[in-house]
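Visitor: I'd like to learn how to read a model like this one, feature by feature. Shall we go through it together?

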Amino acid sequence: MNKKSILAGLGLCVAAALWAAGPSNVIEEVAWMVGDEPIYKSEIEQAYQELLSDRTPIQGDPYCVIPEQIAVERLFLHQADLDTIEVAESMVQMQVDAQLNFLINNLGSREKVEQYFRKPFNDIREYYATNIRNRSRVQQVRNSLTKNLKVTPGDVRRYYQSLPADSVPFVPLQVEVQLLSLNPLIPRQEIDDVKARLRDYSDRVNRGESEFSTLAILYSEDGSNIRGGELGFMGRGQLVPEFAAVAFNLNDPKKVSKIVETEYGFHIIQLIEKRGDRINVRHILLKPKVSDKDLTDAVARLDSVRADIVDHKKFTFEDAVLHISQDKDTRLSNGVMVNSNTGTTRFQMSELPQEIARAVAGLQPGELSQPFIMRDPKRDRDMVAMVRLTARHDAHSANLSDDYQTIKDMYEQARSREIVDKWLEKKIKETYVRIEDGWRGCEFTHQGWLR
């Protein structure tokens with residue numbers, strides 16, 4: 001399923017476990033006071049353990065670095081209070097649900113999550129919700145401080161010229177690629193067989209012969225099968241439209257939906273619970289398979305297209321993309337692939353699907369690959385593709401003509417840091433700060449803590 005969510009890594013789960021299961025015998029000693037907010041030694045110790053568990057490098061003495069980081073966050077949150085910055089609760093709950101679903105997926109069940117953390121589920125939920133709210137509010141304050149930053153080409157040029165030689169970034173090999181893809185038709189008999197299996201599962205559930213969750217564990221081809229097909233609470237926008245339209249119309253948890261077709265395959269759905277504008281359902285997903293013969297035929301078709309482009313000059317690659325390609329993301333843009341990480345057309349080889357990376361590795365700019373079979377990363381099914389290498393940018397030290405956007409991003413980040421640092425220095429001077437003996441012998445990143 002396309003959940004449109006970014007799930008936190010397992011390291012955060014371990015860190016959360018340390019938060020929940022950490023030592024309870026730490027004396028509540030106040031290390032810092034920031035305004036009327038104390039920073040306790042136990043907070044610092046806990047944050048230290050989380051960083052260790054997450055293998056996050058600490059630059060300097062942790063008993064200097066960590067309390068300063070907490071103090072800085074307190075200053076940002078205080079400003080957020082003054083500016084009455086709020087966070088949409090729906091966004092918070094969406095991210096919390098995503099994280100909790102990740103935990104359930106890895107640990108097996110809600111009960112096992114509670115056992116692992118030795119905390120009630122609601123306490124774990126509130127912990128994540130508080131962290132997400134705070135991070136969002138801090139980021140909004142930072143954004144408000146730099147929203148008026150203007151960057152001109154002259155600024156970027158002067159910044160680049162001022163960089164020491166060892167600070168100019170090294171840009172690895174990058175390529176620009178055009179894609180033409182075909183999704184072979186799935187035989188009608190295969191689709192009918194999949195639907196027949198889903199109807200059988202629905203009948204078994206409706207007759208009370210089987211539990212939906214058991215059938216999901218046994219047969220569903222979605223990653224949620226480990227949880228009995230449960231997706232966790234989601235908003236309508238987190239689900240593909242066809243799925244959401246049926247799921248949000250379910251009212252009886254004992255009944256199974258009609259068969260739903262999406263770009264991922266065919267589903268049946270069972271309601272678990274509705275909560276405001278969010279819903280929790282189970283589903284079983286079956287994916288019709290493309291036959292080997294249809295894949296072979298599609299390869300042969302693209303091979304013929306390639307010959308018409310390269311040998312017979314009947315039409316261009318761009319013409320073929322417009323009339324033949326079935327990749328909706330690139331078909332109307334001449335097949336040009338866009339890097340979702342950077343928003344540009346340049347890819348490092350590691351950023352490309354591995355089949356495409358292999359196909360372009362031996363090409364020169366302007367050359368076409370042979371047709372090849374690859375896994376559609378979005379729909380998790382086989383498809384046939386052919387690519388054209390548009391440009392190859394060899395590894396080099398960044399320069400203004402080839403890497404303007406990279407250097408501009410560096411300059412914006414540097415200027416943003418300067419703006420935020422100046423604001424922090426002013427905020428520190430205006431705020432009551434007391435650092436207790438034993439916590440004062442530090443070289444802090446920001447000036448003005450010690451009075």
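Visitor: Which residue does E436 meet in a salt bridge?
Guide: The general idea is that side chains of opposite charge can pair when their charged atoms come close. The rule here asks for a side-chain nitrogen of Lys or Arg within 4 Å of a carboxyl oxygen of Asp or Glu. E436 pairs with R434, at 2.6 Å from N to O, and R434 is partly exposed too, at 33% relative accessibility.

Visitor: How many salt bridges does that rule give?
Guide: The count is 21. Among them is D382 with R375, at 3.0 Å; D382 is partly exposed at 26%, and so is R375 at 36%. There is also a network that links E89, E126 and R133.

Visitor: What about D403 and R346: are they buried or exposed?
Guide: Both are buried, and their side chains form a salt bridge at 3.5 Å, N to O. D403 is in helix α14 (residues 400-430) and R346 in the loop between α12 (317-324) and β9 (347-348), so the bridge ties together parts 57 residues apart in sequence. Helices (H or I, at least four residues) and strands (E, at least two) are DSSP runs, numbered from the N terminus.

Visitor: Which cysteines are joined by a disulfide?
Guide: A disulfide is a covalent bond between the sulfur atoms of two cysteines; the cut-off used is sulfur atoms within 2.5 Å. The structure has one, joining C64 to C442 with S to S at 1.9 Å. C64 sits in helix α3 (residues 62-82) and C442 in the segment after β13 (433-435), 378 residues apart. The S-S torsion is about -75°, so this disulfide is left-handed. C64 is buried at 8%, as is C442 at 17%.

Visitor: How many aromatic pairs are there?
Guide: Nine. A pair of aromatic rings is described by the distance of the centres and the angle of the planes. Rings of Phe, Tyr and Trp (its six-membered ring) pair if their centres lie within 6.5 Å; planes under 30 degrees apart count as stacked, over 60 as edge-to-face and the rest as tilted. W32 and F444 have centres 5.4 Å apart and planes at 80°, so they are edge-to-face. W32 lies in strand β1 (residues 30-34) and F444 in the segment after β13, 412 residues apart. W32 is buried at 0%, and W32, F444 and W449 form one aromatic cluster.

Visitor: Where is confidence lowest?
Guide: pLDDT is the predictor's confidence in each residue, from 0 to 100. Where pLDDT is low, the predicted coordinates should not be read in detail. The chain mean is 89, and 94% of residues reach 70 or more. Confidence is lowest in helix α1 (residues 10-21), at a mean of 42, and highest in helix α7 (residues 153-162), at 97.

Key. Residues are numbered from 1 along each chain as its sequence is written. Side-chain values use heavy atoms; hydrogens and water are left out. Buried means under 20% relative accessible area, exposed over 50%, partly exposed in between (1.4 Å probe, protein chains only).
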